[in-house]
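Hi,

Here is the structure I promised to pass on.

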Amino acid sequence: MKVALWCRNHLPVLIVPIVLVLDQASKFAVKLNMRIGEDIRIFDWFHIHFLENNGMAFGMSFGENAGKLILSLIRLALIVFLCWYIRKVNTAYKAKEVKASLVVCLSLILAGAIGNMIDCAFYGLIFSESYFSLATLFPEGGGYAPLLFGRVVDMLYFPLIRGKEVLFFRPVFNLADSAVTVGFFLFVLTQRSLWWPASRKSS
């Protein structure tokens, strides 16, 4: 009973580490065992396809080095804000002032943001390049990029519909991207009262 109560009152402490462990474990496995562009077919509709990007979700990019630095700083600011806000929301949740769904949504978004931030901040320092050979961890002479200039590892690829010229759902992404996306859509679905006033519901 005490364990269940503790879990109920500490949802972010449970959700964020679980997502981070799964995200980083999958990225380490791909980074150390695949070269960029390598593809492993699991099913026709699901592949492990190794790509790296400069930090935006689903393989998008924003500028060169300056854009990369701006994205890293924005992500850091977002993480700090979410940590502060989730602490307030979790306090309200313990007092039964908000629903658990809000805590879960924000925790998923935070976990995803931290997961990709780890890549950007540290992967350039601890990994070698993956273009022509398998990457090594803590290579002699240092990694492939300085602090905050690492690249995000993507690997989840779902070519759901194939045609001669059409490939539905082309983006390659990772578990951190998935956590942010799921968290956002859960927020939209479960927190409708924030933007859908009661007066419009009753009309």
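Let me start with a question: is F127 buried or exposed? At 0% relative accessibility, F127 counts as buried, where buried means under 20% relative accessible area, exposed means over 50%, and partly exposed is in between (1.4 Å probe, protein chains only).

Before the rest, two notes on how to read this. It is a predicted model, so local features need pLDDT of at least 70 and side-chain atom pairs count only at pLDDT 80 or more, while totals for chains, interfaces and linings use all residues. Residues are numbered from 1 along each chain as its sequence is written, and side-chain values use heavy atoms, with hydrogens and water left out.

The overall picture: the chain has 6 helices and 6 strands, taken as DSSP runs numbered from the N terminus (helices are H or I with at least four residues, strands are E with at least two). In sequence order the pattern is α-α-β-β-α-α-β-β-β-β-α-α. Of the chain's 203 residues, 40% count as buried. Taking contacts (heavy atoms within 4.5 Å) between residues at least 6 apart in sequence, 63% join residues at least 24 apart.

Back to F127, now with its partner. The ring centres of F28 and F127 are 5.1 Å apart with the planes at 65°, so this pair is edge-to-face. For the rule: rings of Phe, Tyr and Trp (its six-membered ring) pair if their centres lie within 6.5 Å, and planes under 30 degrees apart count as stacked, over 60 as edge-to-face and the rest as tilted. The pair links distant parts of the chain, with F28 in helix α2 and F127 in the loop between α4 (100-126) and β3 (152-157), 99 residues apart.

For a stacked pair, go to F81 and Y85: their ring centres are 5.8 Å apart and their planes are at 5°, so they count as stacked. Both lie in helix α3 (residues 65-94), 4 residues apart, which is about one turn of the helix. F81 is partly exposed at 43%, and Y85 is partly exposed too, at 33%. The count of aromatic pairs comes to 13, and ring pairs also link F43, W45, F46, F158 and F173 into a cluster.

Next, the start of the chain. Helix α1 (residues 2-9) and helix α2 (residues 11-33) pack at about 75° with their axes 5 Å apart; axes are lines fitted to C-alpha atoms, for helices over the stretch in contact, and angles run from 0 to 180 degrees between N-to-C directions. That makes α1 and α2 roughly perpendicular (65 to 115 degrees; under 35 is roughly parallel, over 145 roughly antiparallel, the rest oblique). On the α1 side W6, C7, R8 and N9 meet L11, V13 and L14 of α2. R8 also has its charged end over the ring of Y93, 4.7 Å from the ring centre (the rule is NZ of Lys or CZ of Arg within 6 Å of the centre and within 35 degrees of the ring normal).

Most residues other than glycine have a negative phi. K96, not a glycine, has a positive phi of about 60°; K96 sits in the loop between α3 and α4 and is exposed at 69%. L148, also not a glycine, has a positive phi of about 75°; L148 lies in the loop between α4 and β3 and is buried at 16%.

Cheers
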